Amino acid sequence: MKYSLPPLKIRNLTLKYPLIQGGMGVGISWNRLAGAVAHTGAAGTVSTVGTGYWNTGNVRLINGRPLKPVNFQSSKNLTLIIKDAIKRSKGNGSVGVNILCAVTDYERQVKDSIKAGAQYIISGAGLPLRLPEYAENADVALIPIVSSPRVVDLICKRWKRSGRIPDAIVLEGPKSGGHQGYTYEQCFQQEYQLEVMTPPVLKSCKAWGNIPLIVAGGIWDYKDIEMYMDMGVAGVQIATRFIGTEECDASPIFKQVILNSKQKDIKLLKSPVGYPARAIATTPLIQRVVAGFRPKIPCISNCVTPCDHGKESNKVGYCIADSLGDAWNGVVESGLFFTGSNGYRINKLQTVEELIEKLMGIREDTDTWEEDPESDEMVVGLRENNMAAVASASS
């Protein structure tokens, strides 16, 4: 095979490969994965979520949980993670961060990331309308995640007041892992699928000054990348497939949960964050939630503002911070295991270099998996709020 994809240029960054590794928290993409990806010449993304779990010796804990946002979103740990990822890159590629708009102390995380040396900031799970304000005059690429042309226009109009427009834009389709930028119903409707949304969002990006468009959500291999590049996008973002790498920061147990998963196991869930979230739905935690088990959940970390100090966690039946932290630590009984819709395709571990060479068409991609023709992904029936979505998905 012969590599023929162009480099990716964003602001003052020129990447050998038009590939951004997507941010995955808690702890799935930290220093080891981001550094290894950047070392190849691509963009390695550190997730800023839950950095208190990275080294609990640097934070204050209660019952093994980082106490309050200052510890859950640890400035010291985030700085060390970013700096180590940059060291591992050995001067290649680029190291940046993914920051959820929904997190408590969003502004502090932006400033911490810039101070630590992040070269780009990708931000979604809400509208990052104040990101340029928080970044001030720092020479860092600012990249919002969008779900439609309307969101592109909204962000660009707001950012222009601060004297900036996005340095690139990520369009994330509804097949990605974790939280979605769409309603439950939209995730299953054809008009919201990535291949359909790409042309109109690309048109909006061009209207605002040829902003580079990065597409994400369900992209699996070189053929997928080539198809979107032919549409005119500047690059792609891939997250889930990097869980199946040796350098991924996830625990061996986390990786094994993904390796063992079947197509029918991956579904959308209701999240305390307020967005649909895609994860492995056959784990003990989610099975208890589906059965109606609702223990009283104390809010220790206060991780995201939409949860309102644990009110939404108690409605849904689990704490997003605690459950993702347990997954990173390999506690299957209480862990929440995020994955994209193609996570079941991962059936072996490989190095980051091997995977990127396959994605870029340099190395033959012989990875195989079993499709389940009977599988029809739906929303897990987490009581009344999901029933309409289940009915829509089944119709």
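A search of the whole structure, which is a predicted model, finds zero disulfides, a disulfide being a pair of cysteine sulfur atoms within 2.5 Å. Cys-156 is in no disulfide, and the nearest cysteine sulfur, that of Cys-205, is 7.1 Å away; Cys-205 is likewise in no disulfide, with the sulfur of Cys-156 as its nearest at 7.1 Å.

Cys-156 is buried, with a relative accessible area of 0%, and Cys-205 is buried with a relative accessible area of 0%, where buried means under 20% relative accessible area, exposed over 50% and partly exposed in between, with a 1.4 Å probe and protein chains only.

## The three-stranded sheet

Three strands form an open antiparallel sheet in the order β11-β15-β14, with strands taken as DSSP runs of E of at least two residues, numbered from the N terminus, and two strands counted as paired if DSSP finds at least two bridges between them. The edge strands, each pairing on one side only, are β11 (178–179) and β14 (266–270).

Strand β15 (residues 276–280) pairs with β11 over two bridges in the antiparallel sense, and with β14 over five bridges, also antiparallel. Ala-277 in β15 stands opposite His-179 and opposite Leu-269. Five of the five residues of β15 are buried.

## The hairpin

β14 and β15 form a hairpin with five residues between them, and Gly-274 in the turn has a positive phi of about 100°.

## Basis of the values

Residues are numbered from 1 along each chain as its sequence is written, and side-chain values use heavy atoms, with hydrogens and water left out. Local features need pLDDT of at least 70 and side-chain atom pairs count only at pLDDT 80 or more, whereas totals for chains, interfaces and linings use all residues.

Key. Helix = DSSP H or I, 4+ residues; strand = E, 2+ residues; numbered from the N terminus.
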